[in-house]
Amino acid sequence: MPCDVFPPLILLLFLSTFGTSQECFKDPKSAYRFTGAVCRLTYPAAVVLNEKTTKVIEAAFQHARYPSVKGEKSLNFIGKVTYGLENLEIHNLTIGRSTFELHPGEGIAMEISNVSAVFKGTIQYGYGSWLVNVAQSIDFEIESQIDLGINPKLYCGKGKVAADTSDCYLSFHKLHLHLQGDKEPNWLKKLFTNFITFTVKLVVKGQICKEINKVANILADFIQDTAEQFLSDGDISVDIGVTANPVITANYIESYHKGLTNYNKTTAVISDSVFHPSQLTEHRMLYFWVSDQVFNPMMTAAHHDGRFKLNISEAELTELFTTKLDSAMPELIRKCLLESSSPELRVWSSSIPFLNTSTLGTTVRGDVSGELYCGSQDTPTLFLQMFYSIDVTASYADKKLSLQGKPSEIHVQADLPLENLPLLDSAQLEFIKEAVEKIGIPKVLSVLATELTRLLDKQGTNLFDISNPEVLPRDGFVIIQMDFGFPHHLLVQFLKRTLEQHESDP
C-alpha cells in the first residue's frame with residue numbers, strides 16, 4: 001500500500017501516514033486500546049530504503065542557502081584587512097555510501113560518507129575599511145570531502161510521526177582553497193585559507209544541518225498531504241493520527257494510528273482495540289494491522305454516501321443470466337430479459353453492512369434491495385428484498401484487488417408491484433435465490449473490487465513494486481503483510497515539492 005531517499009525521512013512515508021490527532025500517549029501500551037491501525041517496518045525494509053539515500057542528501061546540499069560572511073583582521077605593516085565571502089554555490093556534488101543502525105528505544109543512527117563537492121564563490125577584500133562597491137574581489141573554489149552524520153529521533157508531534165534531526169554533524173576530511181589568478185600576495189592567500197578553515201566549516205555545517213531539518217519538515221507536509229489524499233474520497237476520510245510515540249527495536253520500527261472515519265461532520269470512536277505487538281511477526285518487510293473497528297465505520301459512511309448502488313441494464317444484464325443455473329427461469333423474468341425493450345436491474349444496500357473478522361475469514365452481513373424494470377422506468381416489474389451473510393476473502397496480485405465471496409446465508413422476498421400479475425411461488429423464489437448466489441454476489445464483488453482497484457490506482461498504489469502481499473484474517477482484525485520496492489514517482493513528487501518550497505521562500 002511507495003530514486004534515492006533519506007531513510008529516516010522515508011520511514012515517515014510509511015509511519016506518519018494520514019491525518020492528525022489531539023494527543024499522544026507517552027507509553028504505547030496505554031495507546032493500544034485506542035489504536036485502529038498499526039504499521040510495522042522491519043529491518044530488511046529499512047535496508048532497502050537506506051540503499052536509496054543520495055537524492056534527498058543532494059537536495060539538502062544543493063538547496064541550502066549559504067549566507068554571506070564578513071570578517072576583519074589586523075596585520076603588521078598593513079593594518080586592518082576586511083573581507084567577505086559571497087555567492088557561495090555548490091558544484092560537482094557526489095555522495096558515497098550510507099549506513100544506518102536502529103537503536104532500540106532511542107532512534108536511528110546514520111552515516112553518509114565521502115560527500116565530495118566543490119564550493120564556488122567570491123571573496124571581497126579591502127585595506128583599512130570595507131569597500132562597499134566591491135572594487136576588489138577574487139573568485140575562488142573550495143574542494144571538500146565531508147562525512148555527514150545524523151541521529152534522527154522519531155516522536156509524536158502534533159498527532160503525526162515527526163523526525164527531530166537536530167543531532168547532525170559534519171566531518172571535513174578535505175577543504176582546499178583555490179584562488180583565481182596569481183596576482184594576490186602570499187599573505188593574502190594564507191589569510192583567506194585560515195578564513196575558510198575557521199569560518200566556512202561552520203557556515204556549511206550550520207546550513208546543511210538546517211537544510212536537512214527543513215527538508216524533513218517539507219517531507220512531513222508532503223507525507224501528510226499524500227496520506228490524506230490516499231484515504232480520502234469525496235466526503236469520506238480517515239484520520240489515522242498517531243496515538244503514541246513510535247517504538248524502535250533492533251528489528252523494526254512500529255507506529256500506532258487512530259483509524260477514525262470522518263463523514264458528514266461526524267467522527268468514529270475506537271476505545272477497545274485488541275492490538276498487541278505479538279500479533280505481528282518480523283519476516284516480511286512491511287506490515288499493516290487494521291481493526292474491524294476501522295472497516296465498519298468506513299462501510300457505514302459509504303452506505304450513507306450512497307456508494308453501494310449498482311445498475312445493470314440491457315445486454316450486460318442479459319449476458320449475466322446466460323449463467324447455467326439448476327433452477328428453471330420464471331417466465332416473467334425470461335420475457336423481461338428477452339422481450340422487453342430495455343430491461344434494467346437496480347440494486348442497493350438497504351441497511352448498513354456489518355463486517356466481522358475471525359481466523360476463519362471475514363463475514364459481511366446486511367440487507368439489499370433490488371428492482372427489475374422491464375421496459376417501463378416508472379414502476380418495477382419485480383421488487384426484491386434480501387438478507388445476506390457472505391464469507392469474503394481478499395487478495396492483491398498483478399496490481400489488482402480481487403474479492404471472492406461464499407454465501408453462508410441468503411433470504412429472499414419478492415413482490416410484484418404491477419397489478420394482475422401472479423405472485424411468485426417457491427420454485428420462482430428458489431431461482432432468484434440461486435441467481436443471487438451464483439450471479440449477483442460474484443457480479444457485485446467484481447464491481448466492488450474493480451472500483452477499489454481504481455481508487456488504489458488513483459492514489460498511486462499501482463506504482464509500488466509490491467511483492468507477495470498477504471491478507472490474513474484474525475479475530476477482530478486483519479494483517480496485511482508484504483515486501484515492496486520504493487516507487488520512483490514519489491521521490492520525483494517530493495523533490496518537486498522541495499524545489500517549489502525553496503522558490504517560494506523569501
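Colleague: How many bridges join β19 to strand β20?
Modeller: There are 11 bridges between β19 and strand β20 (residues 382-397), and the two strands run antiparallel. This is a predicted model. Within that pairing, Ser369 has Gln385 in β20 as its bridge partner.

Colleague: Which other strands are joined to β19?
Modeller: Strand β17 (residues 343-349) is joined to β19 by 7 bridges, in antiparallel fashion. In β19, Glu371 is the residue opposite Arg346. Strand β18 is also antiparallel to β19, with 5 bridges between them. Ser358 faces Gly361 in β19.

Colleague: How many residues lie between β18 and β19 in the hairpin?
Modeller: The hairpin of β18 and β19 has 2 residues between the strands.

Colleague: Is β19 mostly covered or uncovered?
Modeller: Strand β19 (residues 361-374) is mostly covered, with 10 of its 14 residues buried. Across the chain, 49% of the 506 residues are buried.

Colleague: Turning to the cysteines, how many disulfides does the structure hold?
Modeller: It holds 3 disulfides. When the bonded cysteines are numbered in sequence order, they pair as 1-2, 3-4 and 5-6.

Colleague: Are Cys168 and Cys209 buried or exposed?
Modeller: Cys168 is buried, at 7% relative accessibility. Cys209 is buried as well, with a relative accessible area of 13%.

Colleague: To which residue is Cys24 joined?
Modeller: Cys24 is joined to Cys156, with 1.5 Å from S to S. Cys24 sits in the loop between α1 and α2 (28-31) and Cys156 in strand β7 (residues 153-157), so the pair connects parts that are 132 residues apart in sequence.

Colleague: Where is confidence lowest?
Modeller: Confidence is lowest in helix α1 (residues 7-15), at a mean pLDDT of 37, and highest in strand β18 (residues 354-358), at 96. Over residues 1-22 the pLDDT is below 50, although this stretch has 114 contacts in the model beyond near neighbours in sequence. Where pLDDT is low, the predicted coordinates should not be read in detail. The average for the chain is 81.

Colleague: Finally, which residues touch the most other members of the largest nonpolar core?
Modeller: Phe61, Tyr66 and Leu170 do so, in a core of 47 residues. Strand β5 (residues 107-127) supplies the largest share of this core, 8 residues. Beyond its neighbours within four places in sequence, Phe61 has contacts that include Tyr66, Ile90 and Val115. There is also a second, separate core of 33 residues, with Met299 and Phe431 among them.

Notes:
Residues are numbered from 1 along each chain as its sequence is written. This is a predicted model: local features need pLDDT of at least 70, side-chain atom pairs count only at pLDDT 80 or more; totals for chains, interfaces and linings use all residues. Side-chain values use heavy atoms; hydrogens and water are left out. pLDDT is the predictor's confidence in each residue, from 0 to 100. Helices (H or I, at least four residues) and strands (E, at least two) are DSSP runs, numbered from the N terminus. Contact means heavy atoms within 4.5 Å. Buried means under 20% relative accessible area, exposed over 50%, partly exposed in between (1.4 Å probe, protein chains only). Two strands pair if DSSP finds at least two bridges between them. A nonpolar core is a set of buried Ala, Val, Leu, Ile, Met, Phe, Trp, Tyr and Cys residues joined through side-chain atoms within 4.5 Å. A disulfide is a pair of cysteine sulfur atoms within 2.5 Å.
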